[in-house]
Structure formats: structure tokens, C-alpha cells
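Hi,

Here is the model I promised to pass on.

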Amino acid sequence: MGKSIQGVTDDLLGLFEKYNWPGNIRELEHTIEHAMNMAEIDDSLLCLRHLPPFMCDKLVSTPFKTYPHKISDNHNLKDTMNAIEKGIITQCLENNQYNISRSARQLGISRQHLQYRMKVLNIEQ
């Protein structure tokens, strides 16, 4: 494909190892082929942002496992939810090298809404 992919990130490899792969080797082949198509020319490793969104949903556990927060005496539900949302958005942006359009697509929201939430949650590039 004219790309210089050397492998996959450790995070992605860990997700691949944990996934059941009900479609067997074909599902894995299709996932990697899609990731190769999504990779940029200068990418050297495949990562989560290269996978199809439906596969990301299958591989990544719920955000609450990634961002465990408890409501403490200092925080109410709204503050806790904002902290969880900020963590999810920040991780998505980092995985996509702060590409707003790609991150918005992965999150399933509009680009404008992502920029608005970044402003509200004080997320800087």
C-alpha cells in the first residue's frame, strides 16, 4: 500500500489480544486492512484511530472503566460527569493527534459540538 507501517502500538496489541474475534482470522484481516487504508503515509504504527468505529466500540471497554470517578464531598454529579467527559474527549484527541474532525467522527458528534465541549471543559490543544 506504499506505507511504512512497522507494527501496532502496545495499546492496540493489548486490545487485539483481549478481543474474542468471533469472525475468526477474517475479522482480524479485515480490521488490519481497514487500519492500513486509514493510516497516513508518514505513520509507522497502527493505533486505535486507524480502526473502523464499530471495531473501536467492540475493542474498547466502557468509558467508566477507563475513567473511574467517585462523587466526593467536593463534587456533585454534574462535576463528575464533566470530568468523565473531559477524560474521554482528551483521550480521543490525543489518539488522533488533536485532529478535531477525526476525533468528532470517532466520538459520534459534530465538529462544532466537539469544539464547543472543548471550550466548556477547558481542553486545549
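Before the details, some housekeeping. This is a predicted model, where local features need pLDDT of at least 70 and side-chain atom pairs count only at pLDDT 80 or more, while totals for chains, interfaces and linings use all residues. Numbering starts from 1 along each chain as its sequence is written, and side-chain values use heavy atoms, with hydrogens and water left out. Helices (H or I, at least four residues) and strands (E, at least two) are DSSP runs, numbered from the N terminus.

Back to that pair. The axes of helix 5 and helix 7 come within 11 Å and cross at roughly 125 degrees; axes are lines fitted to C-alpha atoms, for helices over the stretch in contact, and angles run from 0 to 180 degrees between N-to-C directions. Asn82, Glu85, Ile89 and Leu93 of helix 5 make the contact with Leu114, Arg117 and Met118 of helix 7 (contact means heavy atoms within 4.5 Å).

Helix 5 (residues 77–95) also meets helix 6 (residues 100–107), with axes that come within 9 Å and cross at roughly 130 degrees. That makes helix 5 oblique to helix 6 as well. On the helix 5 side the contact uses Ile88, Ile89, Cys92 and Leu93, and on the helix 6 side Ile100, Ser103, Gln106 and Leu107.

Helix 6 has a few more things to look at. Its buried residues (under 20% relative accessible area, with exposed over 50% and partly exposed in between, 1.4 Å probe, protein chains only) are Ile100, Arg102, Ser103 and Ala104, and they pack against helix 5 and helix 7 (111–120). Just after helix 6, Gly108 has a positive phi of about 80 degrees.

Last stop is His50, in the loop between strand 2 (45–46) and helix 3 (53–59). His50 is buried, at a relative accessible area of 1%. Its side chain reaches the backbone nitrogen of Cys47 at 2.9 Å. Leaving aside neighbours within four places in sequence, the contacts of His50 include His34, Met38, Glu40 and Asp43.

Cheers

Note on methods. Parallel < 35°, antiparallel > 145°, perpendicular 65-115°, else oblique. Polar contact = N/O pair within 3.5 Å; in protein donor to acceptor, adjacent residues only side chain to side chain.
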